Amino acid sequence: MYVAVKGGERAIDNAHAWLAEERRGDAAVDELTLDQIREQLALTVARVMAEGSLYDPDLAALAIKQARGDLIEAVFLVRAYRTTLPRFGASEPVDTGEMACDRRISATFKDAPGGQVLGPTFDYTHRLLDFKLAADGEAPATPQGEAGDATAPHITAFLGDEGLIQDEPESDATPPDLTREPMELPADRPLRLQALTRADEGFLLGLAYSTQRGYARNHAFVGELRIGAVVVEMEIPELGFAIELGEITLTECETVNQFTGSKTEPPQFTRGYGLVFGQTERKAISMALVDRALRWKELGEDDQGAPAQDEEFVLMHADNIQATGFLEHIKLPHYVDFQSELELVRKLRRAAQRDETPPEEAAE
Amino acid sequence: MTFEGENMSLQGRKHDAAYNFAYLDEQTKRMIRRAILKGLAIPGYQVPFASREMPMPYGWGTGGVQVSAATLTPDDTLKVIDQGADDTTNAVSIRKFFERTAGVATTEATDAATVIQTRHRIPEAPLTEDQVLVYQVPIPEPLRFLEPRETETRKMHSLGEYGLMHVKLYEDISRHGAIATSYAYPVKVEGGYVMDPSPIPKFDNPKLSDCPAIQLFGAGREQRIYALPPYTRVASLDFEDHPFEPSKADHPCDLCGSQGSYLDEVITDDRGGRIFVCSDTDYCRTRREAGHTGPQGAPDAEARS
């Protein structure tokens, strides 16, 4: 006699309990605190905030702890929480020209007003495992200097003054929000930029790299990369003026790309743009390259059939929460569908074995 | 099924007070209800909606969950099935989610439910005018695997340009002697839109048509809702000389002896032993409780366990 398998509910409860135990790991080892994650895994926190579309280092640290360090899972936790938050309104546009820069470099000019500021970068470290860190994580004394005026003008503005780079039309239009409206294609640039800034870093990196290797190459120079704090302000209707809500750290990348021109328009450089929460420069540079590749139509370029030029391909597959959900769902039960396939294949094989030509009854 | 006003959460049973009734806020539910109403007004048309991130992953039924959340009222009785069964892990998980966030009554009995959320099956027992069947849909676009671009497929639907689909079915016949689609078998709704019935086995397709219940389809990741109002005519695509044929394992249920229900194949040992049991667990139990028994079953065995 056969009795159907039961006990799904108990299995789930037990799996959750085991998961909680595994998350904690060896109880003899000190538990991670959120402060430790926020302060010492800051780049991880930045990535979770960027892809989670929510600027809150403490919540991101909590998500990372809860997700056992699985960053896509942490992003998912942040996103699921984010959707439950009420919306009070929209901030004023942030002014990255007023950014208090920790890092600001240009690859197009040797020097410029505001200077080249390396900031806390891995760029010129030798990637040698530092075994001292394993024993003692204390930082050596850092040289201190006088705080100067950390703000610096945008490099591309210098090119703009000469008319050497295409101008971006200003607009007061409310940008679309793909978290509130279903994504519609073709997408305008604000919608594309929103999708890119919350896109999976690895996916964007791969796409951006593909443009560098010739799949819609767009000859990008990093005109400027800056990382630092900007002020977020919001206009309160009752007050009639904007008040400061706080500061957030952003990474902004402006690329100067191959020029366009025609008989009527003299040659001009073009732009790609990346803006991402936190210190996330790999993502911001990738974003700028992919943004530029997606602009082929408005800039009168050819469709080379490259993945990075294909708006629908990029936007529909850039979100790692959508991607991981659909990918992983194939581990859910599919035995009803599989059974119907099994029946079909058996039937087709029977028909094939009986005769070269399938008999009427196999046809359906 | 009525859509009541803002204060319905106040009248309900106890639900987790940290969340609004049925988890989603009222504005979101209103947005989803608009999409549902539009879907009902244009049967088979895929209505875009601003799908929210839910606390379960995309692919786990977020579309169905959002449609159910927007459909449930505190007086409803909810049934959740996956693969026809109430006890599959994801069905359990979704049922618990609504028990917690909506505090609604739940049931495993098809005839006792007012809202049934399903993945991959239509219950065997006939549905009634008092019921809503909510399908979880992974890929709402029936033309997707013929044309990957959404911009193109929307155009094809608006022009009623379904030749590509017929060519695909024809190619199946010329290659295999039969249409090689056994689940998510495309249908035509009232002679208009071609629709994906979600990955139900084609055995279930006839139940889509002329159904007294409201049928709602939610695809969360793809941000689409579509619907079949009661008694809509739904035809499975076929050819005159190759008519549509629902199919199932040629076997009775080993537990309840049913000849006409869809069956799961269960491998019982490593020597090729297998039995066939109803995929619809409630249907099978009801039959056994009524005294029916199959070759391997004892009457009412599961009900007593």
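These numbered points go through a predicted model of a complex with chains A and B.

1. Confidence. The predictor assigns the complex an ipTM of 0.84 and a pTM of 0.89. For chain B the average pLDDT is 91, and 93% of the residues reach at least 70. Two stretches of chain B should be read with this in mind. Residues 1-12 stay under 50 in pLDDT, and the model has 17 contacts beyond four places in sequence for them. Residues 299-305 of chain B are also below 50, with 16 contacts in the model beyond near neighbours in sequence.

2. Interface between the chains. On one side 42 residues of chain A take part, in contact with 60 residues of chain B. Helices α1 (8-24), α5 (71-82), α12 (320-328) and α13 (335-354) of chain A each contribute at least two residues to the side of chain A that touches chain B. The most comes from α13(A), which gives eleven residues. By class, this side of chain A consists of 24 nonpolar, seven polar and eleven charged residues.

3. Sheet of chain A. Four strands of chain A form an open sheet, ordered β1-β2-β3-β4, with antiparallel pairing. Its edge strands are β1 (100-105) and β4 (268-277) of chain A, each of which pairs on one side only. On average, neighbouring strands of this sheet are turned by 30° against each other, direction ignored. Strand β3 (residues 241-260) of chain A is joined to β4(A) by nine bridges, and the two run antiparallel. A:Val256 has A:Arg271 in β4(A) as its bridge partner.

4. Helix on that sheet. Helix α10 (residues 281-294) of chain A lies across β2 (221-236), β3 and β4 of chain A. The angle of α10(A) to β4(A) is about 140°.

5. Cis peptide in chain A. The bond between A:Leu185 and A:Pro186 is a cis peptide bond, with omega about 0°. A:Pro186 sits in the loop between α7 (155-161) and α8 (189-197) of chain A. As background, most peptide bonds are trans.

6. Domains of chain B. The contact between them takes 15 residues from domain 1 of chain B and eight residues from domain 2 of chain B. The side of domain 1 that touches domain 2 in chain B has six nonpolar, three polar and six charged residues.

7. Sheet of chain B. Seven strands of chain B make up an open sheet in the order β1-β9-β8-β5-β4-β2-β3, and the pairing is mixed. The edge strands are β1 (47-48) and β3 (105-106) of chain B, each pairing on one side only. Strand β2 (residues 77-82) of chain B pairs with β3(B) in the parallel sense, over two bridges. Opposite B:Leu78 stands B:Thr106 in β3(B).

8. Helices on the sheet of chain B. Helix α2(B) lies across β1, β8 (214-219) and β9 (224-228) of chain B and runs at about 45° to β9(B). Helix α3 (residues 62-71) of chain B lies across β4 (115-119), β5 (132-136), β8 and β9 of chain B. The angle of α3(B) to β5(B) is about 155°.

9. Positive phi in chain B. Most residues other than glycine have a negative phi. B:Tyr23 has a positive phi, near 75°, and lies in the loop between α1 (8-11) and α2 (26-41) of chain B. B:Tyr23 counts as buried because 25 C-beta neighbours lie inside 10 Å. B:Glu190 also has a positive phi, near 50°, and is in the loop between β6 and β7 (194-195) of chain B. With 14 C-beta neighbours inside 10 Å, B:Glu190 is classed as partly exposed.

10. B:Lys188. This residue belongs to strand β6 (residues 187-189) of chain B. B:Lys188 has 19 C-beta neighbours inside 10 Å and therefore counts as partly exposed; the cut-off for buried is 20 or more. Apart from neighbours within four places in sequence, B:Lys188 is in contact with B:Val194, B:Ala235 and B:Leu237. B:Ile214 is 26 residues from B:Lys188 in sequence and 17 Å from B:Lys188 in space, C-alpha to C-alpha.

Terms used:
Residues numbered from 1 in each chain as written. Chains lettered and ligands numbered in written order. Predicted model: local features only at pLDDT ≥ 70, side-chain atom pairs only at ≥ 80, totals over all residues. Buried ≥ 20, exposed ≤ 12 C-beta atoms within 10 Å, placed from the backbone. Contact = placed C-beta atoms within 7 Å. Nonpolar A, V, L, I, M, F, W, Y, C, P; charged D, E, K, R; others polar. pLDDT = per-residue confidence, 0-100. Pairing = 2+ DSSP bridges. Axes fitted to C-alpha atoms, helices over the stretch in contact; angles between N-to-C directions.
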